[in-house]
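Hello,

Here is the structure for you to look over. My notes follow below it.

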Amino acid sequence: MEIPGDSETQIGQRLMPRLTSSCPVPVPMSAVNALGAAIEKLKRDRNAVILAHYYQEPEIQDIADFTGDSLELSRQAAKTDADVIVFCGVHFMAETAKILSPQKTVLLPDLDAGCSLADDCPADEFASFRDQHPDHFVVSYINCTAAVKAQSDLICTSSNAVNLVQQLPEDRPVIFAPDQNLGRWVQRQTGRNLTLWQGSCIVHETFSEEAVLKLKLEHPDAEVIAHPECQENLLELADFIGSTSKLLSYTESSQSETFIVLTEPGILHQMKQRVPEKNLYDVPGIDGCSCNECPYMRLNTLQKLHDCLENLEPAIEMEEELLHKALQPIQRMLDMSR
Ligand code: SF4
């Protein structure tokens, strides 16, 4: 089944907002519904489960069995009894699902759905960095490749990074990789002096401070809520800092009626469902573009989700040894964050 307009050209247009300020072409609802029905049938036939990150397009979040952040999705991948996991997210997330469920078929609708932050930490350069700090305990944010996970002692997510670092012996020096912004925030929260790898996410580094200040002037009662991958100058403007799932729950628990949301705008789909009566504003990038979306996440489309379920590819394949080595620090994270 083909969805109208879901061609490489349209995918190109989805990436273009970062460059030209043009916006994605909406897909007709009738086509979305027909494709959704076909996906549901394939899902039953394959005994598959669909996991979707909060940064996916709304139609993908709506058809998923489970929507969540990296930690929540890892837990779901670890406990599912489905034969096939379709991971609607980016490559390192699907790899993590495969590491946790190596006997299952793990599909990623578009294998090119990578991550600038993971790319910022090549495994060979990271190995040299570790060699320069042989006495350090290595904590890596889950947004890294399996090859970097395999070189780490502990994996963390933005939900549990502070808690996990606080559990480490105080006299042990710690490397934190690959996100320097998250690392600096963890450093401030824990009072630990971390040796930081200098990586960052292209999406969270594009938010405009000027745009936040302008939104604050327009909505003086609004609370600014931010993901810790944002740069320090933006975090200083935030009333609340937390992982994607914590930002979501904060909009529910806070008395505030209005929020300026400093993270990938895909999260607004879930927020609008949970707090439909509240006002939510995403923040444009430095160039003024309002399409401040992760271009990698947007490579996955409903059509590709359908096709990967039909063809059972592209699937994540990994060497046995890498699977085994990368599992240890992830399992430690799951055990320590229970
Ligand atoms: S938003 Fe940033 S960290 Fe998340 S997948 Fe996209 S590039 Fe990677």
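**Ala 48 and its surroundings**

Ala 48 counts as buried because it has 22 C-beta neighbours inside 10 Å. (A residue is buried if 20 or more other C-beta atoms lie within 10 Å of its own, exposed if 12 or fewer, and partly exposed in between; C-beta atoms are placed from the backbone.) This is a predicted model: local features need pLDDT of at least 70, side-chain atom pairs count only at pLDDT 80 or more, and totals for chains, interfaces and linings use all residues. Residues are numbered from 1 along each chain as its sequence is written.

Ala 48 lies in strand β1 (residues 48–53). Helices (H or I, at least four residues) and strands (E, at least two) are DSSP runs, numbered from the N terminus. Leaving aside neighbours within four places in sequence, Ala 48 is in contact with Lys 43, Ala 82, Val 84, Val 86 and Leu 309. Contact means that the C-beta atoms, placed from the backbone, lie within 7 Å. The C-alpha atoms of Ala 48 and Ile 85 are separated by 5.7 Å, though the two are 37 residues apart along the chain.

**Domains**

The domain assignment gives domain 1 (8–114 + 296–311), domain 2 (117–202) and domain 3 (209–282). These bounds come from an automatic or database assignment. Taken over C-alpha atoms, the centres of domain 1 and domain 2 are separated by 27 Å. Their contact takes eight residues from domain 1 and 10 residues from domain 2. On the domain 1 side, α5 (70–79) and α6 (91–100) each supply at least two residues. α6 gives the most, with four residues.

**Helix α17**

Helix α17 (residues 320–336) has 17 residues and should span 24 Å at 1.5 Å a residue; its end C-alpha atoms are 25 Å apart, which agrees. The expected span is 1.5 Å times one less than the number of residues. α17 bends by about 30° at Leu 327, and Pro 329 follows within four residues. The bend is the angle between axes fitted to the seven residues ending there and the seven starting there. Buried residues of α17 are Ala 326, Pro 329, Ile 330 and Met 333. They pack against α6, α9 (146–149), β6 (154–156) and α10 (161–166).

Best wishes

Key. Contact = placed C-beta atoms within 7 Å.
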